[in-house]
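Me: I've just opened this one and I'm new to it. Can we go through it bit by bit?
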Amino acid sequence: MGWGNARLNEAAAVCAVQLPAIGLIWWIGSLLGDDHAYAGAFGFLSLLVLACLLVVAPLILPVLGLAQIVPAEALARLVARRARGPLWAWHMLCAAGLGVVWAGLAGLLWDWPFTVTAPLLAALGVLPVLGLGWLRRRTRGFWGVWLPSLFASVGLFLLVFLGGVPATTTGIVEEYEPPALSAEQLTGVWRGDEGAVLSLGAGGRAELTDLPTESGSADQSAEPPFAVCDGTGTWLLDDKRAHDRAGVVVRLDGGCGQETYWRIGGTESEPELFVPFGDPDAPDLRILTRD
């Protein structure tokens with residue numbers, strides 16, 4: 001299978017079909033995970049992005065798929081020379097595997113969740129390979145390829161929308177709920193990036209090292225939008241959800257920083273404490289995990 005202009009055009013068209021639906025699946029998946037209490041600021045923006053994906057993705061984003069299925073085809077040819085099986089099957093398998101590789105790279109570079117990214121990027125390669133196999137038996141012009149791609153893209157998007165969105169709004173698929181932790185479960189050492197340590201003692205005492213705390217400054221554009229403190233203090237569990245969810249109030253001794261409310265997130269097995277510092281529309285999120 002050569003990759004001339006006509007073949008690249010077909011590959012771009014079949015890759016573009018599923019991208020709006022992938023974007024919708026990603027958005028639905030975000031509802032099922034911890035949004036760290038500030039995703040509401042981006043709610044309208046998320047819907048706008050989804051609308052743009054539905055309209056323009058078939059025309060401007062196919063290169064994302066080409067970066068997967070074109071090198072996968074070259075890899076499949078190398079494998080097919082040494083192993084049995086049809087080339088299209090090896091092409092599909094290599095495309096899915098390459099998607100997993102891209103997911104790992106995205107996790108390292110941008111901290112994208114691998115368990116969500118890997119299946120989506122693997123799917124980005126599988127369906128286009130099947131579509132190319134179907135197109136191989138037909139000769140079509142530019143519009144003969146792209147018009148069906150546009151219609152199929154809208155149809156797939158609506159199919160996911162009609163299935164996924166009602167499932168989340170009706171509770172068939174439950175949205176994320178933060179874990180309910182007791183004071184005893186919170187007791188222990190919590191660590192964050194750049195050496196931050198928060199030790200919550202059983203008697204309500206706290207010890208902290210390089211810990212981000214509320215700075216008390218009214219300037220939300222300050223860099224960084226928090227104070228980094230060492231020392232001791234006190235802590236208590238606030239389970240009344242005064243800050244939209246339960247959390248830990250940390251009060252420091254001395255003059256560094258201000259009282260800071262660390263919200264509880266994560267899961268029962270892997271809990272987190274976090275604070276979105278600074279501008280609510282573009283917060284600097286700091287997360288602590290159990291040692």
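Me: Which hand does the link of C229 and C256 have?
Reply: In this predicted model, the link of C229 and C256 is left-handed, with -90° about the S-S bond. The sulfur atoms of C229 and C256 are 1.9 Å apart, and a disulfide here is a pair of cysteine sulfur atoms within 2.5 Å.

Me: How many disulfides does the structure hold?
Reply: The structure holds one. It links distant parts of the chain, with C229 in strand 4 and C256 in the loop between strand 5 (247-252) and strand 6, 27 residues apart. Strands are DSSP runs of E with at least two residues, helices are runs of H or I with at least four, and both are numbered from the N terminus.

Me: And C229, buried or exposed?
Reply: C229 is buried, at a relative accessible area of 1%, while C256 is partly exposed at 27%. Buried means under 20% relative accessible area, exposed means over 50%, and partly exposed is in between (1.4 Å probe, protein chains only). Another cysteine, C94, counts as buried at 11% relative accessibility.

Me: OK, new topic. How many aromatic pairs does a search of the whole structure find?
Reply: Two. One of them is F226 with F277, which is tilted, at 5.1 Å centre to centre and 50° between the planes. To pair, rings of Phe, Tyr and Trp (its six-membered ring) need centres within 6.5 Å; planes under 30 degrees apart count as stacked, over 60 as edge-to-face and the rest as tilted.

Me: What does the pair of F226 and F277 tie together?
Reply: F226 lies in the loop between strand 3 (205-213) and strand 4 (227-238), and F277 lies in strand 7 (residues 271-277), so the pair ties together parts that are 51 residues apart in sequence. F226 counts as buried at 9% relative accessibility, and F277 does too at 0%.

Me: Why is the pair of W262 and F277 edge-to-face?
Reply: Because the planes of the W262 and F277 rings are at 80°, with their centres 6.4 Å apart. That pair also links distant parts of the chain: W262 is in strand 6 (residues 260-266) and F277 in strand 7, 15 residues apart. F226, W262 and F277 form one aromatic cluster.

Me: Switching to strands: how do strand 2 and strand 3 run?
Reply: Strand 2 (residues 197-200) and strand 3 run antiparallel, joined by four bridges; strands count as paired if DSSP finds at least two bridges between them. V197 stands opposite T209 in strand 3. The hairpin has four residues between the strands, and G204 takes a positive phi near 90° there.

Me: And what joins strand 3 to strand 4?
Reply: Seven bridges, with the two strands antiparallel. A206 has G233 in strand 4 as its bridge partner.

Me: Last one. Where is confidence lowest in the protein?
Reply: In helix 3 (residues 43-60), at a mean of 53, whereas strand 2 is highest at 97. That's pLDDT, the predictor's confidence in each residue, from 0 to 100. The protein averages 78, and 71% of the residues score at least 70. Where pLDDT is low, the predicted coordinates should not be read in detail.

How values were computed:
Residues numbered from 1 in each chain as written. Predicted model: local features only at pLDDT ≥ 70, side-chain atom pairs only at ≥ 80, totals over all residues. Heavy atoms only, no water.
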